[in-house]
Amino acid sequence: MKKTLALAGVTALVGSALVATAASTSAAPPQPKPPTEAQAVSRSDSLIDARPAAIAAADGESYTAYRTKVDADGDAHVRYTRTYHGLRVYGGDFAVHTDAAGALTGTSVGLAAPLTLATTPKVSSAKALTAAKARFEGTRTANDQPELFVDASTGHGRLAWETVVHGWAPDKQTPSHLHVITDAITGAHIGEYDEIESIAGTGASVYSGPVAVETTLSGSTYSLIDPTRGNGRTCDMNNGTGTCTTFSDDDNVWGTGANTNRQSAAVDAHFGAAVTYDYFKNVHGRNGIFGDGRGVPSRVHYGNAYVNAFWDGAQMTYGDGSGNAKPLVSLDVAGHEMSHGVTENVVSGGLTYSGESGGLNEATSDIFGTAVEFHAGTTSDPGDYDIGEKIDIRGTGAPLRYMYNPTLDGSSHGCWSTSTNSVDVHYSSGPGNHFFFNLAEGTGATAYGTSPVCGTAAGVTGIGREKAEKIWFRALDVYFTSNTRYVNATTPANTSRAYTLSAATDLYGLCSTEYKAVQAAWTAVNVAGNDLECPVANDFSVAVDPTALTLDPGASATVTVTTASVDGEAQTIDLTATGVPAGVTATFSSPSVTAGETSTLTLTAGEDADSGQYTVVVTGTSPATVRRANVALTVNGLPGCSGSNASDVAIPDNTTVESTIVINGCAGNASSSSTVEVHIVHTYVGDLAVSLVAPDGSVYSLRARSGGSADNIDATYTVNLGGEVADGAWKLRVQDAANLDTGYINSWSLNL
């Protein structure tokens, strides 16, 4: 199904949530019948037409329903892919969530704002292909022609080329399908990732002991083909990289448990595929890895002394390890790799295999690989929270990763930080793994290891592995988008914390024990959020009116701050305001009130106040808890055609930030020789790309990534803005596209 959206009558939403109207307390209406999948898609299509702002829609876009899930209670979740003027939008996927009656209950969206960009490249496809080939390490065998597309993986769109280069990695045994992303306007290298994601007869396996395996009899010969699980087969690569021969046997007794018997590793792989299939079907109701009942092909004895296992989108492949002595066919490795298949079939395009989204991809596979190991219940390889402990890939007897304390491997991040987005995905998986362990087993000393908390976070009491698994799968199944991250300043709703809280609400109720445990487990790994604070004893609420206001220089405006007692005894509440820009003062008529009383917040803009758009946070603090309410504040510049903003804006690694100047009282269009003066403090300006965003969303590049290791940007740029209306909110957009060095926007000014 494809729909082209006509932008008529945009209805704005607050974030991606809607406020529900309370139902009448008279006789309960009859319960709506759950919709069919086709009905759910039709309803979602209509909602997209009626409320395009809910999905950050733009003119010239089309949407295709990718996957639909209808819950038993009639709630429906429809995932879509997006095109922009005919171009694929990478990171533009979204999901529409509706209730049984077809009302919109929310959306999952990766875009920070509607797309506004030109679609004509300045860099040719030939140049993009040359650049992509230069990035390939190993032996190239072929390449696809570059595809022009919109890269919105950061939440903002940019025109880019994607080139896929095929071949072999430097080890000459691992296949490689390297995707290289090149800026189609500047020619800059944006990023890259490899789509190869590494790591009832009877049988004696290498790791799992004696197990039952399903086989197929033809004549008098049995084959390792599982007829009960979509005919998944296991075959022998004969320590090569070409032909794979299905294992066969005449007595249906497979392997000896010793690696010297080639069937033994095949039993592990065949058993691992069966257990993984059963786990997703019996625990989560998913019909196999692909969702359609097909079995997974498994290839064993791949390559010579090949110390790896990988999922290539269609099948599992296992090497025999160092010296061909330790095949990588353990249960958690099998479950891990095949879970990549679940992720890429559930989320359109999968969780992008780089940065934090790639870390969540790897964490998902570690979580479900561990779950498969527990689900199998074998005595030879009992469940634990070590990853790959049987295969000794390091040669030291140590596991690959430790979920209870990821830092033990020497590379993984156990706590989220601004640098988590910059490390290898196997290491950025750490916060997700650590979160899951804390949610399932709790922090501190446990039967599986000691889990530390990050910083001054409170300890966590686990809710049990089964509940934790269901919450994670639900979040993946209906909420995650391709560019979901741990922390996302651009689109705070598109985070693993927000989506797992939505999943916990669906399964166990808002503010349930499980919901609160999800909050605590994320906080314990330094992943904060702006989610609902659940009621506590002696609770209170804070509200503001109005929720948005505009100040001219030299003017004042007031906000009524209302408090109310929600539970227990009325508390004394101390009021503060944060996020107030430079040149603006905030005063309360009563900085301390008793719950139920009001106070007046007065905001006054000086003549030199920084123009822009800000969020002023009104915080009420009592001995029992903290509650907040936000005021959207716009500060106009002095009447005229120029403005400035000296409020600092931090620029973390691998993020895009913005600072705003509001021009007010500048008649007509801007000048064709407008100037933008920029002052950025940064220790490596070669990381930065700087743009000016007009009020209508048009983007003007001021500076591509250049300057290498030089410090700071202090420059004035002349820009032809003659086609832009001058009045409105202008934004300086700064992208940090690398790791290690950070800085901040110090100040900038605009003269139109």
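1. Strands here are DSSP runs of E of at least two residues, helices are runs of H or I of at least four, and both are numbered from the N terminus; two strands pair if DSSP finds at least two bridges between them.

2. Please keep in mind that this is a predicted model, in which local features need pLDDT of at least 70 and side-chain atom pairs count only at pLDDT 80 or more, while totals for chains, interfaces and linings use all residues. Residues are numbered from 1 along each chain as its sequence is written, and side-chain values use heavy atoms, with hydrogens and water left out.

3. Back in the sheet, strand 29 and strand 31 (residues 556-565) run antiparallel and are joined by six bridges. To find this pairing on screen, look for V542, which stands opposite T563 in strand 31.

4. Now try strand 3 (residues 76-84) and strand 4 (residues 87-90), an antiparallel pair with two bridges. Y84 has L87 of strand 4 as its bridge partner. The two strands form a hairpin with two residues between them, and H85 in the turn has a positive phi of about 50 degrees. Strand 4 is also joined to strand 8 (residues 147-151) by two bridges, and these strands run parallel; there, V89 stands opposite V150.

5. How do helix 4 (residues 331-346) and helix 8 (residues 465-478) cross? Their axes come within 8 Å and cross at roughly 40 degrees (axes are lines fitted to C-alpha atoms over the stretch in contact, and angles run from 0 to 180 degrees between N-to-C directions). V342, T343 and V346 of helix 4 meet F473, L476 and D477 of helix 8, where contact means heavy atoms within 4.5 Å.

6. Finally, the largest cavity has a volume of about 80 Å³ (a cavity is a set of points on a 1 Å grid where a 1.4 Å probe fits but cannot get out, and lining residues have an atom within 4 Å of a point; the volume is the space filled by probe spheres set on the points). Helix 3 gives the most to the lining, with four residues.

Conventions. On a 1 Å grid over the protein atoms alone, a cavity is a set of points where a 1.4 Å probe fits but cannot get out, and a pocket is an open set with protein on both sides within 12 Å along at least five of seven lines; lining residues have an atom within 4 Å of a point.
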